Amino acid sequence: QVDVGSEVSGVIRTVEVDFNDLVVRGQVLARLDTDQLQARVSQANASLESAQAARRQAAATVRETDLNFHRCERLAQTRMCSQQDLDQLEATWLRAQAAESITLAQVSLAKANLQADQTALSKAVIVSPIDGIVLSRLVEPGQTVAATFQTPLLFTLAEDLAKLELQVDVDEADVGRVREGQEALFTVDAYPDRHFPATITQVRFGSKTTEGVVTYTTVLKVGNDDLSLRPGMTATAVITTRKVEN
């Protein structure tokens, strides 16, 4: 299962899918209202244009002060420009260069802010990260989602119901005989007379204790081509650890 949420806050404008709908990667699941996000992008664009204009102005000032300084430097050789004027023009030229560096940094900051706002705007469209089926839909049009402290959950998707994973709790007394690759049969309450085959793919080392009983989660691979099994069902498994013929 894959939980799909929203990284940005806003009001849900439309919900494009419903329970049990088949979806493909990149398909739109929901759309948020983008008026405020679009306004932030426009504001960031204006800030970038202002910073770029300030950079051009600073570059012109650098050019002007550069010409004045070098002109005085040449005239100083014939004593037609005093040393004091030359020093002042050099300081002005250096300050203009520093001011230009500041405007370049401001342009970079404005570009970064614009990129962040554009990214937030793009995330106002919630798309499916996988090919699968919609298990749950937790939002309705007009609902407000707030992503301030944690990502709000909008949808739960199942990637491929034809291939399921069964997690069973193996008692600590039996876990030493359980290995990857062993076969198992399990039943579910919906089909009490039917035995489903499965294969162990993982025996986890981490334990859990429930009412004083220590168990280890064991993962089994299950085929579900006819889609008779559903996520969340309770199963009872019998694992074959050894066979003795005759």
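Guide: Welcome! Two residues are in contact when heavy atoms lie within 4.5 Å. By that rule, and leaving out residues up to four places away in sequence, L220 touches L164, E165, L166, V168, A184, A198, T199, I200 and T201. This is a predicted model, in which local features need pLDDT of at least 70 and side-chain atom pairs count only at pLDDT 80 or more, while totals for chains, interfaces and linings use all residues. Residues are numbered from 1 along each chain as its sequence is written, and side-chain values use heavy atoms, with hydrogens and water left out.

Visitor: What is the mean pLDDT of the protein chain?

Guide: pLDDT is the predictor's confidence in each residue, from 0 to 100. Here the chain has a mean of 93, and 100% of its residues reach 70 or more. Among the elements, β10 has the highest mean (97) and β7 the lowest (90). Helices (H or I, at least four residues) and strands (E, at least two) are DSSP runs numbered from the N terminus.

Visitor: Which residues touch the most other members of the largest nonpolar core?

Guide: A nonpolar core is a set of buried Ala, Val, Leu, Ile, Met, Phe, Trp, Tyr and Cys residues joined through side-chain atoms within 4.5 Å. Buried means under 20% relative accessible area, exposed over 50%, and partly exposed in between, using a 1.4 Å probe and protein chains only. The largest core has 21 residues, and L166, F186, L220, V222 and L229 touch the most other members. At least two residues of this core come from each of β9 (163–171), β10, β11 and β12 (213–223). A separate second core of 20 residues includes V4, A30, A120 and L154.

Visitor: Is β12 mostly covered or mostly open?

Guide: Mostly covered, with eight of its eleven residues buried.

Visitor: How many bridges join β9 to β12?

Guide: Two strands pair if DSSP finds at least two bridges between them. β9 and β12 run antiparallel and are joined by nine bridges, with V170 opposite Y216 in β12. Nine bridges also link β11 and β12 in the antiparallel sense, and K208 has T215 in β12 as its bridge partner. In the hairpin of β11 and β12, two residues lie between the strands, and E211 takes a positive phi near 55°.

Visitor: What order do the strands have in the open sheet of four strands?

Guide: The order is β5-β4-β2-β7, with antiparallel pairing. β5 (125–127) and β7 (144–145) are at the edges with a single partner strand each, so one side of each has no neighbour in the sheet. Strand β2 (residues 10–15) pairs with β7 over two bridges, and V11 stands opposite T144.

Visitor: How many aromatic pairs are there?

Guide: Rings of Phe, Tyr and Trp (its six-membered ring) pair if their centres lie within 6.5 Å; planes under 30 degrees apart count as stacked, over 60 as edge-to-face and the rest as tilted. That gives three aromatic pairs. F69 and W93 are stacked because their ring centres are 5.3 Å apart and their planes meet at 15°. F69 belongs to helix α1 (residues 35–76) and W93 to helix α2 (residues 83–122), so the pair ties together parts 24 residues apart in sequence. Both F69 and W93 are buried. F186 and F196 are also stacked, because their centres are 5.4 Å apart with planes at 25°. F186, Y191 and F196 form one aromatic cluster.
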